[in-house]
Amino acid sequence: MLGGWLFGDTLAMPAFPPLDAPPLRLEPVSVEHAEEMHVVLADPSIYEFIDEDGPPTLEWLREAYARRAKGRSPDGSELWFNWMIRCDDGRLIGYAQATIESPEICWIAYVLSAEGRGQGHATRAVAVMIDYLRDAHDVRRLLASVDAGNARSIALLERLGFIGADADLARNFEIYGSGRLYVSPSASA
Ligand SMILES: CC(C)(COP(=O)(O)OP(=O)(O)OC[C@H]1O[C@@H](n2cnc3c(N)ncnc32)[C@H](O)[C@@H]1OP(=O)(O)O)[C@@H](O)C(=O)NCCC(=O)NCCS
């Protein structure tokens with residue numbers, strides 16, 4: 001059974017806490033973020049190395065955020081974390097997310113709009129998310145799947161101590177083609 005800071009389905013409370021990474025604040029996703037994020041996620045540069053398009057409609061994003069705000073998959077087997085990243089000037093610049101399948105399998109992902117890049121914001125946001133996942137949920141290994149050409153994302157992971165996984169491990173997680181698996185250091189031991 002996965003544990004942690006979860007308030008079940010209590011509607012008024014987020015399923016996981018806000019996190020501070022000055023000058024950023026990570027806000028637990030809610031339906032109310034959809035309108036603002038729909039604009040942020042319209043930046044085409046976000047999708048250069050990601051195998052997806054932006055949200056097709058605002059309504060789609062509202063529904064997706066309603067599901068993600070619950071903090072777990074519908075069958076309860078995974079914990080889902082989605083934080084919207086807000087600068088101290090009030091702008092939303094992206095998001096950080098994690099999926100805990102088990103303490104050894106915790107996937108992370110992150111997106112910043114172009115205007116939020118180049119200032120260390122992704123490093124700050126992802127680092128505080130990882131600290132939280134380790135402290136509150138006993139996560140022992142973090143995983144990230146990244147396109148080999150995504151130099152910014154690889155640089156970010158390496159700054160945070162991740163290393164490229166060997167081919168056997170990558171195959172276990174069905175990472176093929178131009179995808180690369182990165183793992184937090186404890187996984188390679
Ligand atoms: C991946 C992504 C989040 C990385 O963003 P980023 O801006 O490169 O990363 P950071 O916010 O940590 O900023 C790093 C830059 O800030 C600079 N920086 C300034 N202060 C810094 C600090 N205190 N700490 C770290 N870096 C700092 C670094 O030197 C680096 O500069 P550079 O852009 O000249 O190399 C971003 O490129 C992105 O969202 N891309 C589109 C979506 C995507 O591909 N997501 C990943 C899918 S796997």
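**View 1. Arg117 and Asp43 join their side chains in a salt bridge.** The N to O distance is 4.0 Å. Arg117 belongs to the loop between E5 and H3 and Asp43 to the loop between H1 and H2, so the pair ties together parts 74 residues apart in sequence. A salt bridge here means a side-chain nitrogen of Lys or Arg within 4 Å of a carboxyl oxygen of Asp or Glu. Helices (H or I, at least four residues) and strands (E, at least two) are DSSP runs, numbered from the N terminus. This is a predicted model, in which local features need pLDDT of at least 70 and side-chain atom pairs count only at pLDDT 80 or more, while totals for chains, interfaces and linings use all residues. Residues are numbered from 1 along each chain as its sequence is written, and side-chain values use heavy atoms, with hydrogens and water left out. Asp43 is buried, at 17% relative accessible area. Arg117 is partly exposed, at 25%. Buried means under 20% relative accessible area, exposed means over 50%, and partly exposed lies in between (1.4 Å probe, protein chains only).

**View 2. Ser113 sits in the loop between E5 and H3.** Its relative accessible area is 5%, so Ser113 counts as buried. Leaving aside neighbours within four places in sequence, Ser113 is in contact with Val40, Asp43, Ile46 and Ile93. Contact means heavy atoms within 4.5 Å.

**View 3. Arg62 and Glu35 form another salt bridge, at 3.6 Å from N to O.** Arg62 lies in helix H2 (residues 58-68) and Glu35 in helix H1 (residues 34-40), so the bridge ties together parts that are 27 residues apart in sequence. Glu35 is exposed, with a relative accessible area of 53%. Arg62 is partly exposed, at 27%. The structure holds ten salt bridges. One of them pairs the side chains of Arg91 and Asp89, at 2.8 Å from N to O. Arg91 is partly exposed, with a relative accessible area of 30%. Elsewhere, Glu27, Glu36 and Arg86 are linked in a salt-bridge network.

**View 4. The largest nonpolar core holds 36 residues.** Leu26, Phe81, Ile108 and Leu133 have the most contacts inside this core. Strands E1 (19-21), E2 (24-28), E3 (79-87), E4 (92-102), E5 (105-112) and E6 (142-147) each supply at least two of its residues, as do helices H3 (121-137) and H4 (151-159). H3 gives the most, with eight residues. A nonpolar core is a set of buried Ala, Val, Leu, Ile, Met, Phe, Trp, Tyr and Cys residues joined through side-chain atoms within 4.5 Å.

View 5. Not counting residues up to four places away in sequence, Ile108 touches Gln97, Ala98, Val126, Met129, Ile130, Leu133, Leu142, Leu143, Ala144, Leu157 and Phe162.

**View 6. The ligand is surrounded by 20 residues.** Leu112, Gly118, Ala122, Thr123 and Arg152 are the closest. An oxygen atom of the ligand lies 2.7 Å from a polar backbone atom of Leu112. A ligand oxygen is also 2.7 Å from a polar backbone atom of Gly118. At Arg152, an N or O atom of the side chain is 2.5 Å from an oxygen atom of the ligand. Taken alone, the ligand exposes 930 Å², and the protein buries 71% of that. Accessible areas come from the Shrake-Rupley method with a 1.4 Å probe; for residues, only the protein chains shown count as cover.

**View 7. A cis peptide bond joins Pro22 and Pro23.** Omega is about 5 degrees. Pro23 is in the loop between E1 and E2. Most peptide bonds are trans, and most residues other than glycine have a negative phi.

**View 8. Asp138 and Glu174 have positive phi values.** Asp138 is not a glycine, yet its phi is about 55 degrees. Asp138 lies in the loop between H3 and E6. Asp138 is exposed, with a relative accessible area of 52%. Glu174 has a phi near 55 degrees. Glu174 lies in the loop between helix H5 (167-172) and strand E8 (179-183). Glu174 is exposed too, with a relative accessible area of 62%.

Technical notes. Near = heavy atom within 4 Å. Polar contact = N/O pair within 3.5 Å; in protein donor to acceptor, adjacent residues only side chain to side chain.
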